[in-house]
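Reader: I'd like to go through one model with you. Can you put it up?
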Amino acid sequence: MSDTALVAVLVAGVAGILAGLAGAASRGREDGRRRPGFRSSPHYSEGLHALATGQLELAIHELDKVRREHPDSVEVQQVLSHLYREVGKTERAIEIHRALIARRDLTRAERAYALASLGTDYRKAGLLDRAADAYREALLVEPKNLHALAGQQKLHEDQRQWREAFEIQTRIARMRKSDDALVLGFLQTELGREALAAGRRDAAFEAFRTALSLDRRVFPAHLALADLWLERDPRRAAQVLEDAIATVPERAYLAFSTLQRAYAACGEPSRFAALCERLVGQDPRDWRARLGLARHLRALNRPGEALGLLLRAVEANPHVLLVHLEVWRTLRAMSSLGPEEQKYVATVEESALYVDPHICTACRYRADDMLWRCPHCHEWNTLVEERVGPAAGTR
Ligand SMILES: [Zn+2]
(Lines give C-alpha, C1' and ligand atoms only; values in the text may rest on other atoms or scores of the structure.)
Protein backbone atom coordinates (compact mmCIF):
# COMPACT_ATOMS: atom_id res chain seq x y z
CA MET A 1 0.00 0.00 0.00
CA SER A 2 1.37 3.44 -0.91
CA ASP A 3 1.72 6.15 1.71
CA THR A 4 -1.10 8.17 0.19
CA ALA A 5 -3.43 5.19 0.18
CA LEU A 6 -2.52 4.50 3.79
CA VAL A 7 -3.29 8.07 4.81
CA ALA A 8 -6.60 7.85 2.96
CA VAL A 9 -7.51 4.70 4.86
CA LEU A 10 -6.49 6.28 8.16
CA VAL A 11 -8.49 9.41 7.45
CA ALA A 12 -11.49 7.31 6.54
CA GLY A 13 -11.06 5.38 9.76
CA VAL A 14 -10.81 8.50 11.93
CA ALA A 15 -13.71 10.09 10.06
CA GLY A 16 -15.65 6.97 10.95
CA ILE A 17 -14.76 7.37 14.62
CA LEU A 18 -15.75 11.02 14.50
CA ALA A 19 -18.97 10.21 12.72
CA GLY A 20 -19.61 7.60 15.41
CA LEU A 21 -18.99 10.16 18.16
CA ALA A 22 -21.10 12.75 16.41
CA GLY A 23 -23.75 10.13 15.77
CA ALA A 24 -23.81 9.20 19.43
CA ALA A 25 -24.10 12.88 20.27
CA SER A 26 -26.89 13.64 17.84
CA ARG A 27 -28.88 10.44 18.06
CA GLY A 28 -32.53 11.17 18.41
CA ARG A 29 -32.49 14.29 16.27
CA GLU A 30 -34.58 13.74 13.19
CA ASP A 31 -36.07 17.04 12.19
CA GLY A 32 -32.94 18.25 10.40
CA ARG A 33 -33.29 21.77 11.77
CA ARG A 34 -29.51 21.93 12.22
CA ARG A 35 -28.23 19.90 9.29
CA PRO A 36 -24.48 19.96 9.90
CA GLY A 37 -22.83 22.39 7.49
CA PHE A 38 -19.52 22.12 9.29
CA ARG A 39 -18.44 19.15 7.16
CA SER A 40 -17.94 21.48 4.21
CA SER A 41 -15.41 23.59 6.14
CA PRO A 42 -11.80 23.16 4.93
CA HIS A 43 -10.72 23.29 8.59
CA TYR A 44 -12.81 20.20 9.24
CA SER A 45 -10.85 18.22 6.62
CA GLU A 46 -7.59 19.67 7.96
CA GLY A 47 -8.61 18.65 11.46
CA LEU A 48 -9.38 15.10 10.35
CA HIS A 49 -6.09 14.87 8.52
CA ALA A 50 -4.21 16.08 11.59
CA LEU A 51 -6.03 13.44 13.67
CA ALA A 52 -5.15 10.71 11.20
CA THR A 53 -1.47 11.64 11.42
CA GLY A 54 -1.59 11.74 15.21
CA GLN A 55 -1.13 15.52 15.49
CA LEU A 56 -3.69 16.09 18.21
CA GLU A 57 -2.72 19.71 18.96
CA LEU A 58 -3.07 20.63 15.28
CA ALA A 59 -6.40 18.79 15.12
CA ILE A 60 -7.61 20.83 18.09
CA HIS A 61 -6.42 24.04 16.42
CA GLU A 62 -8.33 23.28 13.21
CA LEU A 63 -11.49 21.94 14.85
CA ASP A 64 -11.59 24.97 17.11
CA LYS A 65 -11.84 27.09 13.95
CA VAL A 66 -14.74 24.91 12.78
CA ARG A 67 -16.39 25.44 16.16
CA ARG A 68 -16.11 29.21 15.80
CA GLU A 69 -17.51 29.09 12.25
CA HIS A 70 -20.38 26.84 13.30
CA PRO A 71 -21.13 27.67 16.93
CA ASP A 72 -24.39 25.70 16.79
CA SER A 73 -22.77 22.42 15.92
CA VAL A 74 -23.08 20.14 18.93
CA GLU A 75 -21.04 17.40 17.24
CA VAL A 76 -17.91 19.53 16.75
CA GLN A 77 -18.07 20.71 20.36
CA GLN A 78 -18.31 17.13 21.56
CA VAL A 79 -15.37 15.93 19.47
CA LEU A 80 -13.26 18.94 20.41
CA SER A 81 -13.86 18.48 24.13
CA HIS A 82 -12.89 14.80 23.84
CA LEU A 83 -9.62 15.87 22.21
CA TYR A 84 -8.93 18.44 24.93
CA ARG A 85 -9.44 15.75 27.55
CA GLU A 86 -7.20 13.40 25.56
CA VAL A 87 -4.27 15.87 25.62
CA GLY A 88 -4.78 16.54 29.33
CA LYS A 89 -6.49 19.94 29.03
CA THR A 90 -9.35 18.79 31.20
CA GLU A 91 -10.40 22.29 32.25
CA ARG A 92 -11.00 23.22 28.58
CA ALA A 93 -13.09 20.07 28.11
CA ILE A 94 -15.11 20.92 31.21
CA GLU A 95 -15.68 24.46 29.94
CA ILE A 96 -17.04 23.24 26.59
CA HIS A 97 -19.26 20.58 28.16
CA ARG A 98 -20.72 23.06 30.64
CA ALA A 99 -21.46 25.52 27.86
CA LEU A 100 -23.16 22.71 25.91
CA ILE A 101 -25.32 21.70 28.86
CA ALA A 102 -26.40 25.31 29.38
CA ARG A 103 -27.96 25.33 25.91
CA ARG A 104 -31.72 24.93 25.67
CA ASP A 105 -31.88 23.36 22.19
CA LEU A 106 -30.28 19.97 22.92
CA THR A 107 -32.12 16.71 22.37
CA ARG A 108 -32.43 14.37 25.37
CA ALA A 109 -29.72 12.13 23.95
CA GLU A 110 -27.38 15.07 23.37
CA ARG A 111 -27.93 16.40 26.89
CA ALA A 112 -27.36 12.99 28.47
CA TYR A 113 -24.21 12.44 26.41
CA ALA A 114 -22.82 15.89 27.28
CA LEU A 115 -23.53 15.32 31.00
CA ALA A 116 -21.87 11.89 30.91
CA SER A 117 -18.85 13.39 29.13
CA LEU A 118 -18.67 16.14 31.73
CA GLY A 119 -18.66 13.43 34.39
CA THR A 120 -15.68 11.81 32.72
CA ASP A 121 -13.87 15.18 32.54
CA TYR A 122 -14.38 15.60 36.28
CA ARG A 123 -13.27 12.04 36.95
CA LYS A 124 -10.05 12.60 34.97
CA ALA A 125 -9.51 15.82 36.91
CA GLY A 126 -9.89 13.92 40.19
CA LEU A 127 -13.12 15.74 41.14
CA LEU A 128 -14.97 12.58 42.09
CA ASP A 129 -18.03 14.13 43.79
CA ARG A 130 -18.72 16.34 40.81
CA ALA A 131 -18.22 13.38 38.47
CA ALA A 132 -20.78 11.37 40.45
CA ASP A 133 -23.27 14.27 40.24
CA ALA A 134 -22.82 14.65 36.48
CA TYR A 135 -23.31 10.91 35.82
CA ARG A 136 -26.39 10.87 38.05
CA GLU A 137 -27.84 13.83 36.19
CA ALA A 138 -27.14 12.18 32.82
CA LEU A 139 -29.04 9.11 33.98
CA LEU A 140 -31.99 11.26 35.07
CA VAL A 141 -32.16 12.63 31.53
CA GLU A 142 -31.68 9.21 29.92
CA PRO A 143 -31.85 6.28 32.37
CA LYS A 144 -30.09 3.84 30.03
CA ASN A 145 -27.22 6.07 28.93
CA LEU A 146 -24.30 3.66 28.56
CA HIS A 147 -21.61 6.36 28.77
CA ALA A 148 -22.94 7.52 32.12
CA LEU A 149 -23.27 3.96 33.43
CA ALA A 150 -19.75 3.03 32.31
CA GLY A 151 -18.46 6.23 33.92
CA GLN A 152 -20.24 5.45 37.19
CA GLN A 153 -18.77 1.96 37.14
CA LYS A 154 -15.22 3.31 36.72
CA LEU A 155 -15.85 5.86 39.45
CA HIS A 156 -16.82 3.08 41.86
CA GLU A 157 -13.72 1.11 40.86
CA ASP A 158 -11.55 4.19 41.47
CA GLN A 159 -12.98 4.32 45.00
CA ARG A 160 -12.72 0.54 45.53
CA GLN A 161 -16.51 0.28 45.87
CA TRP A 162 -16.58 -3.21 44.38
CA ARG A 163 -20.21 -4.10 45.18
CA GLU A 164 -21.54 -1.02 43.35
CA ALA A 165 -19.11 -1.50 40.47
CA PHE A 166 -20.24 -5.12 40.13
CA GLU A 167 -23.93 -4.20 40.08
CA ILE A 168 -23.48 -1.55 37.41
CA GLN A 169 -21.24 -3.76 35.29
CA THR A 170 -23.94 -6.44 35.42
CA ARG A 171 -26.52 -3.94 34.16
CA ILE A 172 -24.19 -2.76 31.39
CA ALA A 173 -23.52 -6.33 30.24
CA ARG A 174 -27.25 -7.03 30.13
CA MET A 175 -28.01 -3.83 28.23
CA ARG A 176 -25.38 -4.17 25.53
CA LYS A 177 -25.55 -7.99 25.54
CA SER A 178 -21.78 -8.19 25.96
CA ASP A 179 -19.80 -10.90 27.72
CA ASP A 180 -18.26 -9.10 30.69
CA ALA A 181 -17.79 -12.25 32.78
CA LEU A 182 -14.02 -11.80 33.15
CA VAL A 183 -14.36 -8.25 34.53
CA LEU A 184 -17.26 -9.35 36.74
CA GLY A 185 -15.09 -12.20 38.01
CA PHE A 186 -12.27 -9.82 38.93
CA LEU A 187 -14.74 -7.56 40.75
CA GLN A 188 -16.06 -10.58 42.69
CA THR A 189 -12.48 -11.45 43.63
CA GLU A 190 -12.00 -7.95 45.06
CA LEU A 191 -15.22 -8.42 47.04
CA GLY A 192 -13.80 -11.67 48.36
CA ARG A 193 -10.54 -10.01 49.38
CA GLU A 194 -12.49 -7.31 51.17
CA ALA A 195 -14.53 -9.93 53.04
CA LEU A 196 -11.34 -11.74 53.98
CA ALA A 197 -9.76 -8.56 55.34
CA ALA A 198 -12.88 -8.06 57.47
CA GLY A 199 -12.55 -11.60 58.82
CA ARG A 200 -15.65 -12.91 56.98
CA ARG A 201 -14.15 -16.14 55.64
CA ASP A 202 -17.43 -17.70 54.49
CA ALA A 203 -18.35 -14.64 52.47
CA ALA A 204 -14.86 -14.65 50.98
CA PHE A 205 -15.17 -18.31 49.97
CA GLU A 206 -18.50 -17.56 48.38
CA ALA A 207 -17.16 -14.56 46.43
CA PHE A 208 -14.10 -16.44 45.07
CA ARG A 209 -16.31 -19.35 43.99
CA THR A 210 -18.71 -16.95 42.31
CA ALA A 211 -15.77 -15.33 40.52
CA LEU A 212 -14.71 -18.69 39.10
CA SER A 213 -18.23 -19.67 38.15
CA LEU A 214 -18.34 -16.45 36.14
CA ASP A 215 -15.03 -17.10 34.38
CA ARG A 216 -12.43 -19.79 35.07
CA ARG A 217 -9.66 -17.45 33.87
CA VAL A 218 -9.85 -15.21 36.97
CA PHE A 219 -6.48 -16.39 38.25
CA PRO A 220 -6.40 -14.41 41.53
CA ALA A 221 -9.63 -16.11 42.59
CA HIS A 222 -7.94 -19.53 42.25
CA LEU A 223 -4.97 -18.24 44.25
CA ALA A 224 -7.14 -16.83 47.02
CA LEU A 225 -9.25 -19.98 47.21
CA ALA A 226 -6.14 -22.15 47.44
CA ASP A 227 -4.82 -19.96 50.26
CA LEU A 228 -8.07 -20.53 52.13
CA TRP A 229 -7.92 -24.31 51.64
CA LEU A 230 -4.21 -24.64 52.37
CA GLU A 231 -4.43 -25.20 56.12
CA ARG A 232 -7.69 -27.13 56.25
CA ASP A 233 -7.17 -29.37 53.23
CA PRO A 234 -3.86 -28.99 51.33
CA ARG A 235 -4.91 -31.64 48.81
CA ARG A 236 -7.87 -29.49 47.86
CA ALA A 237 -5.61 -26.40 47.65
CA ALA A 238 -3.30 -28.24 45.24
CA GLN A 239 -6.30 -29.30 43.17
CA VAL A 240 -7.50 -25.69 42.89
CA LEU A 241 -4.07 -24.53 41.72
CA GLU A 242 -3.66 -27.37 39.24
CA ASP A 243 -7.01 -26.37 37.74
CA ALA A 244 -5.85 -22.77 37.58
CA ILE A 245 -2.64 -23.75 35.78
CA ALA A 246 -4.52 -25.95 33.33
CA THR A 247 -6.82 -23.02 32.51
CA VAL A 248 -4.19 -20.26 32.30
CA PRO A 249 -0.77 -21.94 31.90
CA GLU A 250 1.03 -18.63 31.23
CA ARG A 251 0.24 -17.53 34.81
CA ALA A 252 1.37 -20.80 36.38
CA TYR A 253 4.40 -19.28 38.12
CA LEU A 254 2.11 -17.16 40.32
CA ALA A 255 0.87 -20.37 41.92
CA PHE A 256 4.30 -21.94 42.46
CA SER A 257 5.00 -20.99 46.07
CA THR A 258 1.53 -21.94 47.37
CA LEU A 259 1.58 -25.13 45.33
CA GLN A 260 4.95 -26.08 46.78
CA ARG A 261 3.58 -25.61 50.29
CA ALA A 262 0.45 -27.57 49.47
CA TYR A 263 2.40 -30.53 48.04
CA ALA A 264 4.77 -30.46 51.01
CA ALA A 265 1.79 -30.49 53.40
CA CYS A 266 0.37 -33.51 51.53
CA GLY A 267 3.71 -35.26 52.00
CA GLU A 268 4.36 -35.32 48.24
CA PRO A 269 6.92 -32.56 47.59
CA SER A 270 8.18 -34.27 44.43
CA ARG A 271 4.93 -33.45 42.64
CA PHE A 272 6.18 -29.89 42.31
CA ALA A 273 9.23 -30.97 40.32
CA ALA A 274 7.00 -33.13 38.12
CA LEU A 275 4.72 -30.18 37.45
CA CYS A 276 7.62 -27.89 36.50
CA GLU A 277 9.06 -30.56 34.21
CA ARG A 278 5.69 -30.91 32.55
CA LEU A 279 5.49 -27.14 32.01
CA VAL A 280 9.00 -27.02 30.55
CA GLY A 281 8.04 -29.91 28.29
CA GLN A 282 4.99 -27.98 27.05
CA ASP A 283 7.03 -24.85 26.42
CA PRO A 284 10.83 -25.19 26.38
CA ARG A 285 11.14 -21.38 26.60
CA ASP A 286 9.25 -21.30 29.91
CA TRP A 287 12.07 -19.83 32.02
CA ARG A 288 9.77 -19.37 35.00
CA ALA A 289 9.13 -23.11 35.27
CA ARG A 290 12.89 -23.73 34.95
CA LEU A 291 13.53 -21.13 37.66
CA GLY A 292 10.86 -22.68 39.91
CA LEU A 293 12.36 -26.12 39.46
CA ALA A 294 15.90 -24.83 40.02
CA ARG A 295 14.89 -23.20 43.32
CA HIS A 296 13.20 -26.42 44.34
CA LEU A 297 16.35 -28.43 43.56
CA ARG A 298 18.61 -25.98 45.38
CA ALA A 299 16.37 -26.32 48.46
CA LEU A 300 16.79 -30.12 48.14
CA ASN A 301 20.56 -29.63 48.16
CA ARG A 302 20.99 -30.50 44.49
CA PRO A 303 22.58 -27.23 43.28
CA GLY A 304 24.44 -28.92 40.41
CA GLU A 305 21.21 -29.91 38.68
CA ALA A 306 19.72 -26.52 39.48
CA LEU A 307 22.64 -24.75 37.81
CA GLY A 308 22.17 -26.79 34.62
CA LEU A 309 18.53 -25.73 34.39
CA LEU A 310 19.37 -22.11 35.11
CA LEU A 311 22.07 -21.91 32.47
CA ARG A 312 19.55 -23.07 29.89
CA ALA A 313 17.08 -20.45 31.18
CA VAL A 314 19.79 -17.78 30.83
CA GLU A 315 20.40 -18.89 27.24
CA ALA A 316 16.74 -18.30 26.37
CA ASN A 317 16.25 -15.16 28.51
CA PRO A 318 19.57 -13.45 29.25
CA HIS A 319 17.78 -10.16 30.02
CA VAL A 320 15.86 -11.47 33.05
CA LEU A 321 17.60 -10.43 36.26
CA LEU A 322 15.69 -12.94 38.42
CA VAL A 323 17.41 -15.81 36.63
CA HIS A 324 20.90 -14.34 37.15
CA LEU A 325 20.13 -13.80 40.83
CA GLU A 326 19.23 -17.45 41.16
CA VAL A 327 22.44 -18.42 39.34
CA TRP A 328 24.45 -16.45 41.92
CA ARG A 329 22.57 -18.04 44.82
CA THR A 330 23.15 -21.48 43.35
CA LEU A 331 26.85 -20.81 42.86
CA ARG A 332 26.98 -19.78 46.50
CA ALA A 333 25.21 -23.00 47.50
CA MET A 334 27.80 -25.00 45.52
CA SER A 335 30.45 -23.30 47.70
CA SER A 336 32.43 -22.65 44.56
CA LEU A 337 32.97 -19.05 45.68
CA GLY A 338 35.66 -17.53 47.88
CA PRO A 339 34.74 -15.40 50.93
CA GLU A 340 34.84 -12.05 49.05
CA GLU A 341 32.65 -13.45 46.25
CA GLN A 342 30.29 -14.92 48.85
CA LYS A 343 29.94 -11.48 50.41
CA TYR A 344 29.29 -9.85 47.03
CA VAL A 345 26.54 -12.33 46.14
CA ALA A 346 24.97 -11.86 49.58
CA THR A 347 24.82 -8.10 48.95
CA VAL A 348 23.21 -8.65 45.56
CA GLU A 349 20.67 -11.04 47.05
CA GLU A 350 19.51 -8.53 49.63
CA SER A 351 19.20 -5.63 47.20
CA ALA A 352 16.25 -4.53 45.12
CA LEU A 353 18.03 -4.16 41.80
CA TYR A 354 17.62 -1.40 39.27
CA VAL A 355 19.81 -1.15 36.20
CA ASP A 356 20.28 2.56 36.87
CA PRO A 357 17.98 3.63 39.71
CA HIS A 358 16.18 6.97 39.44
CA ILE A 359 13.31 8.27 41.51
CA CYS A 360 10.71 11.01 41.06
CA THR A 361 11.05 13.63 43.78
CA ALA A 362 7.37 14.54 43.35
CA CYS A 363 5.67 11.15 43.60
CA ARG A 364 8.49 8.65 44.43
CA TYR A 365 7.92 6.76 41.16
CA ARG A 366 10.95 4.54 40.47
CA ALA A 367 12.45 4.27 37.02
CA ASP A 368 15.30 2.26 35.60
CA ASP A 369 16.66 5.16 33.61
CA MET A 370 16.79 8.94 33.52
CA LEU A 371 13.48 10.39 32.27
CA TRP A 372 12.70 14.06 31.77
CA ARG A 373 8.99 13.65 32.42
CA CYS A 374 7.66 11.39 35.12
CA PRO A 375 5.36 8.77 33.56
CA HIS A 376 3.35 8.59 36.77
CA CYS A 377 2.71 12.18 37.91
CA HIS A 378 3.64 13.84 34.57
CA GLU A 379 5.88 16.44 36.23
CA TRP A 380 8.93 17.72 34.38
CA ASN A 381 12.52 17.39 35.57
CA THR A 382 11.63 15.67 38.83
CA LEU A 383 13.72 12.50 38.43
CA VAL A 384 17.01 12.25 40.26
CA GLU A 385 19.49 9.46 40.77
CA GLU A 386 18.39 7.37 43.71
CA ARG A 387 21.10 6.80 46.28
CA VAL A 388 20.09 3.60 47.97
CA GLY A 389 21.75 2.88 51.26
CA PRO A 390 23.27 -0.50 52.12
CA ALA A 391 20.82 -3.35 51.91
CA ALA A 392 18.84 -4.36 54.97
CA GLY A 393 20.76 -6.64 57.27
CA THR A 394 24.20 -5.27 56.39
CA ARG A 395 23.66 -2.04 58.32
ZN1 LIG B 1 6.21 11.33 39.50
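Reader: Is the crossing of H16 and H18 left-handed or right-handed?
Author: The crossing of H16 and H18 is left-handed, meaning the near helix is turned anticlockwise from the far one by less than a right angle; clockwise would be right-handed. Helices here are DSSP runs (H or I, at least four residues), numbered from the N terminus.
Reader: What is the angle between H16 and H18, and how far apart are the axes?
Author: H16 (residues 287-299) and H18 (residues 321-333) pack at about 20°, axes 11 Å apart. H16 and H18 are therefore roughly parallel, the term for angles under 35 degrees. Axes are lines fitted to C-alpha atoms over the stretch in contact, and angles run from 0 to 180 degrees between N-to-C directions.
Reader: Which residues of H16 and H18 meet?
Author: Trp 287, Arg 288, Leu 291, Arg 295 and Arg 298 in H16 meet a set in H18 that includes Leu 322, Glu 326 and Arg 329. Contact means heavy atoms within 4.5 Å.
Reader: What should I know about the source?
Author: This is a predicted model; local features need pLDDT of at least 70, side-chain atom pairs count only at pLDDT 80 or more, and totals for chains, interfaces and linings use all residues. Residues are numbered from 1 along each chain as its sequence is written, and side-chain values use heavy atoms, leaving out hydrogens and water.
Reader: New topic. Is Gln 153 buried or exposed?
Author: Gln 153, in helix H8 (residues 146-158), has 2% relative accessibility and counts as buried. Buried is under 20% relative accessible area, exposed over 50%, partly exposed in between (1.4 Å probe, protein chains only).
Reader: Which residues is Gln 153 in contact with?
Author: Beyond neighbours within four places in sequence, Gln 153 is in contact with Ala 165, Ile 168, Gln 169, Ile 172 and Leu 187.

Technical notes: Helix = DSSP H or I, 4+ residues; strand = E, 2+ residues; numbered from the N terminus. Parallel < 35°, antiparallel > 145°, perpendicular 65-115°, else oblique.
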